[in-house]
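I opened this structure to look up what surrounds the ligand and then what lines a further pocket. My notes follow in the order in which I looked.

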Amino acid sequence: MNANYSATVPSNIAFIKYWGKRPNAPQWPANDSLSMTLNQLATRTSARRYQGDDHSLRLGDRMYTRNDKQLGKTFVHLDRLALRFGFTQKLQITSTNSFPMGAGIASSASGLAALTLASLMAWTDSKNWDDLERHGFDRTMLADLSRLGSGSACRSLFGGFVQWEAGPDPDSQRYASLFSDEHWALRDTVVLFSSEQKAVGSTAAHELAWSSPLFIPRLSGLPERMELVKQAVADREIQALGLWLEVEALEMHAVIMTASQPVHYLNQEALQFLADLRQARQQGEIHAYFTIDAGPNIHVIHEAGEHERLKLWLQRRMAADRLLHDSVGAGPRLDFQSE
Ligand code: DP6
């Protein structure tokens, strides 16, 4: 029997950003972060056991090898998991994203979490969450392992509004869904400003955070901001949330732009868009707020009731194929097909 084990994992958008890592520990973030798990922007990864000399990897319609720089992280992660748990079986991995590759939306979060889930399912012959747990892989363990592949991936293991706590030591990092996807029908419309591969990936840019004079002041203000953002989500207060979302995203970009090797992720058009969005909001045309990851694209966060009005406003400015529409989601789904 050659069964196929699959995980569909949504991307997530951070409200309080994970930016900067503490030194001397693997994937220990400088601060706690909070995100909204998305629904449709997702990676679906399938794994099957096979007799080959090395793992094989297909992403979309292309095959990749371990020498491929672009997806090297994937093979490193498979090797890490195999070594840690003593799995010797090679896997055939097939992965597809529901969003355009290289669109600059967090494919590493959904991708590395989906890879972790599908590969562990295949290695342990687990058909569902209960099977995984019986093999010692509960949700926290799976988040810990996904995080080693890419930090933001750990939050995608949970649905709704998710907090990742850095904890007092690197082994005490914690994850929790503070509110389920049913708590608040928030939406994220992603506006694509560039589909080019980022000149500096987020892993390299994280390293530079400590060199910015703005980074330590940022860290000292974050605990208070986290509480305010959590309260805004608890109370479903879009205005309170939105104003902090924008401060948070711009502060992270200010850190990135003032590091010893400054990186500018936003182009002229994206910067103009931020100003236009704020102006339209002030004039009462739309009620939406932006956040931005370490990339060129802008996430417009709004309540479900605002979606049609915002969509019309956006479509007057740009082609519909530059917009991706999503909402808060319930987290990963696992499935299994026997052959
Ligand atoms: C800007 O998770 O991509 O999206 O751990 O090095 O893989 P690595 O970094 P990554 O960092 C993404 C950071 C961010 C903000 C966030 O998602 O919290």
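Working with what is a predicted model, I began at His206, where an N or O atom of the side chain is 3.0 Å from an oxygen atom of the ligand. Taken alone the ligand exposes 460 Å², and I noted that the protein buries 96% of that area. I then turned to Tyr18, which places a polar side-chain atom 2.6 Å from a ligand oxygen, and to Gly151, where a backbone N or O atom lies 2.7 Å from an oxygen atom of the ligand.

Ligand, shell. I looked up which residues come nearest and found Tyr18, Ser150, Gly151, Ser152 and Arg155, out of the 18 residues around the ligand.

Second largest pocket. I went on to the second largest pocket, for which I recorded about 180 Å³ of space. Which residues line the second largest pocket? I listed Pro26, Arg84, Met141, Asp144, Arg147, Leu148, Pro170, Asp171, Ser172 and Gln173. Helix α4, residues 139-149, gives the most to this lining, with 4 residues.

Conventions: Residues numbered from 1 in each chain as written. Predicted model: local features only at pLDDT ≥ 70, side-chain atom pairs only at ≥ 80, totals over all residues. Heavy atoms only, no water. Near = heavy atom within 4 Å. Polar contact = N/O pair within 3.5 Å; in protein donor to acceptor, adjacent residues only side chain to side chain. Areas by Shrake-Rupley, 256 points an atom, 1.4 Å probe, with all protein chains shown as cover. 1 Å grid on protein atoms, 1.4 Å probe; cavity = no way out; pocket = protein on both sides within 12 Å on 5 of 7 lines; lining within 4 Å. Points joined across faces, edges and corners; volume = space filled by probe spheres on them. Helix = DSSP H or I, 4+ residues; strand = E, 2+ residues; numbered from the N terminus.
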